[in-house]
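These are my notebook entries on a structure that I went through step by step. I set down what I looked up and what I found.

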Amino acid sequence: MVAVGLTLIFGVMKIINFAHGSFMMLGMFTTYWLYLLLGIDPYLSLLLSIPSLFIIGVLTQRFVISQIMDAPAHNQLLLTLGISLFIENLALFLWTPNFRNLEVAYLRKATTVGSVMISFPKVIAFLFAILLTALLYYFLKKTDLGKAIRAVSEEKEGALTVGINMRRVYYLAFGIGTACVGAAGTLTAPFFYVNPHVGGIFVITAFVVVVLGGMGNFIGALLGGLIVGLAESVGAAFVPGQIKQLIIYFIFIIVLLFKPEGLFGRTSE
Amino acid sequence: MNSKNWMSGKILAMVLVGALLLILPHFIGGYFIYVITMIFFYGYLGMAWNILGGYAGQFSFGHAAFFGVGAFTSTLLQIHGGVNPWIGMILAGMAGLLLGLFIGYLCFRYGIRGPYFALAMLAFAEMLRLLAMEWMTLRYPLGISIPLKGDSFLDFQFRSKIPYYYICLLMMGAVIYLSHFIEGRKIGSYFKAIRENEDAAEALGINAFRYKLVAMAISSFLTAIGGTFYAQYYLIVEEESVFGPTISIAVLLGPIIGGAGTVLGPVLGGGILEGLSEITRNLLGAYSGVHLMIYGAILISVIIFLPHGILGGLQTAFQKLSKW
């Protein structure tokens, strides 16, 4: 999910977004506070976290990122880093660095199938991720707006000449991208701790997934996600604790070095 | 003003500022000595980053890799091998340089450029941080403390903070000189040519691969030496503080804000950031995130309004004025 959002933003606007993890953190906190203060079910809060993150995304694009669409790539990277520094430390200021857990009774059960433990929230998250990705895929393939987004992503000048409103497409793409991570945040909140810096953990993984699947390649992001997920769990069986993160970085560097266009990427540009 | 007068004016200004900084510690209190030392320190690190990131245009998001290797090398050699920290500092620089050449060879050989290079550096730094973390929890769960030896120049330990001030001033001065030297020579032009357009530079016969490695070597060597200074200043080494992404970001913010690819930009940027962080720390105390929030806001506005940093912006303003 995180990777899908990232790849959408990258594919359309060719910007590597560091602030992605921060948006995910915002999604997690939305769910957390809604549950804690109003007792709203974590999955119901998707209805709020998705639109609010969409709006935040569009506003970020409108007022900050649109200013530097033509700047060199490293400046765009730095800008998203600045955004992420700002959001994360604002969160730190407002909500303290404490680690919080979302305690929902009916979600704490885990079912055992044979010898495999299956945690309930993870299954739900997985199903939702597939559902939302399918919806997004349908949107991009079939609707006019979706086609416009894909057109801009593939051929910027061409899209301009046929009269596509570039700015609107950018707003939309960035909004959808952040909405995706918002949803991912909500879905992750029931089985992961919530903390202002939590996004960083996921965003690095997401970068790996995106690079693995080929930047801007949509199906690739999903497949890449599966591969990294597998590598992580297989790795965790062999090596202890934090080292499994190492494997992700290792894959990342290897892919960057030898196959920068991604495993499923088309080489011709 | 003709160029000779201009040059001698510049030298005179440098000498005056230098002399002022030399006598300054005798007039200000310990707190200000600490703040100014930190400004020198981040200025130094920023300039080290600037040689690779500013002049040669290879943005690194993982300079913590070299910084951490520097801090760990000298500290471990000192504790386990009894190696003098001054010698350790040189060895740390060499270790950083070797790592820099290794990473640089891999990245530049396989043509990793622009944002991908930044991400690859980040990945290398994070790998080292995780390895160090795993190793430290087994061996030094509380961080590695350098044994206290009292006031001794040979042991690179001082009760007063003033000697650290002078060492840092010297380090910064040396790198200012080095940056100035690079800027005036052919190698500086090569770096800039690679930054502006690597393919065009190659077409003109510049061996981009070699010069990027040279920039990487200088930058990693200097950054690792900074790591040793940090270890000797705080006398404790923890993997989070030397390998963490915070260092990588702190190192590049100064040059970006002050002006990447200029000699004094990193010092200016480092000074502004360090000053701001001290002010917010004094005003707001416990809320530790606020200064980083402000950093973020400054970074965003500088990138939007002054894409070449404060000094870069001033230069263009002056050029416009002189055209009038």
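**Entry 1: helix 2 of chain A**

I began at the end of a helix: helix 2 of chain A is followed by A:Gly39, whose phi is positive, near 70°. I note at the outset that the model is predicted. I then looked up the length of this helix. Helix 2 of chain A covers residues 20-38, which is 19 residues. From its first C-alpha to its last it reaches 27 Å, close to the 27 Å expected at 1.5 Å a residue.

**Entry 2: helix 2 against helix 8 in chain A**

Next I asked at what angle helix 2 and helix 8 of chain A pack. The angle is about 50°, and the axes are 7 Å apart; helix 8 spans residues 166-188. Because of that angle, helix 2 of chain A is oblique to helix 8 of chain A. I recorded the crossing of the two helices as right-handed.

I also looked up which residues meet. Helix 2 of chain A contributes residues including A:His20, A:Phe23, A:Met24 and A:Gly27, while helix 8 of chain A contributes, among them, A:Thr178, A:Val181, A:Gly182 and A:Gly185. By class, this contact has eight nonpolar, nine polar and no charged residues.

**Entry 3: A:Gly57**

I turned to A:Gly57, which lies in helix 3 of chain A, residues 46-63. Is A:Gly57 buried or exposed? A residue is buried if 20 or more other C-beta atoms lie within 10 Å of its own. A:Gly57 has 28 C-beta neighbours inside 10 Å, and therefore it counts as buried.

I then looked up what A:Gly57 touches, leaving aside residues up to four places away in sequence. The list is A:Phe23, A:Phe174, A:Gly175, A:Gly177, A:Thr178 and A:Ala179. For one of these, A:Phe174, I noted both separations: 117 residues in sequence from A:Gly57, and 5.7 Å in space, C-alpha to C-alpha.

**Entry 4: chain A as a whole**

I counted the elements of chain A and found eleven helices and two strands. Along the sequence they follow the pattern α-α-α-α-β-β-α-α-α-α-α-α-α. Of the 269 residues of chain A, 47% count as buried. Among contacts in chain A with a separation of 6 or more, 75% join residues 24 or more positions apart.

**Entry 5: where chain A touches chain B**

How many residues of chain A are in contact with chain B? I found 32, and they are in contact with 31 residues of chain B. Helix 4 (73-95) and helix 11 (243-258) of chain A each supply at least two residues of this side of chain A. The largest share, 15 residues, comes from helix 4 of chain A. The residues of this side of chain A divide into 25 nonpolar, seven polar and no charged.

I followed helix 4 of chain A to helix 13 of chain B, residues 290-305. Their axes are 7 Å apart, at an angle of about 155°. That angle is why helix 4 of chain A is roughly antiparallel to helix 13 of chain B. Helix 4 of chain A passes helix 13 of chain B in a left-handed crossing. Residues that meet here include A:Leu78, A:Gly82 and A:Phe86 in helix 4 of chain A, and B:Met293, B:Gly296 and B:Ile300 in helix 13 of chain B. This contact has 16 nonpolar, four polar and no charged residues.

Methods
Residues numbered from 1 in each chain as written. Chains lettered and ligands numbered in written order. Predicted model: local features only at pLDDT ≥ 70, side-chain atom pairs only at ≥ 80, totals over all residues. Contact = placed C-beta atoms within 7 Å. Helix = DSSP H or I, 4+ residues; strand = E, 2+ residues; numbered from the N terminus. Nonpolar A, V, L, I, M, F, W, Y, C, P; charged D, E, K, R; others polar. Axes fitted to C-alpha atoms, helices over the stretch in contact; angles between N-to-C directions. Parallel < 35°, antiparallel > 145°, perpendicular 65-115°, else oblique. Left-handed = near helix turned anticlockwise from the far one by under 90°. Expected span 1.5 Å × (residues − 1). Buried ≥ 20, exposed ≤ 12 C-beta atoms within 10 Å, placed from the backbone.
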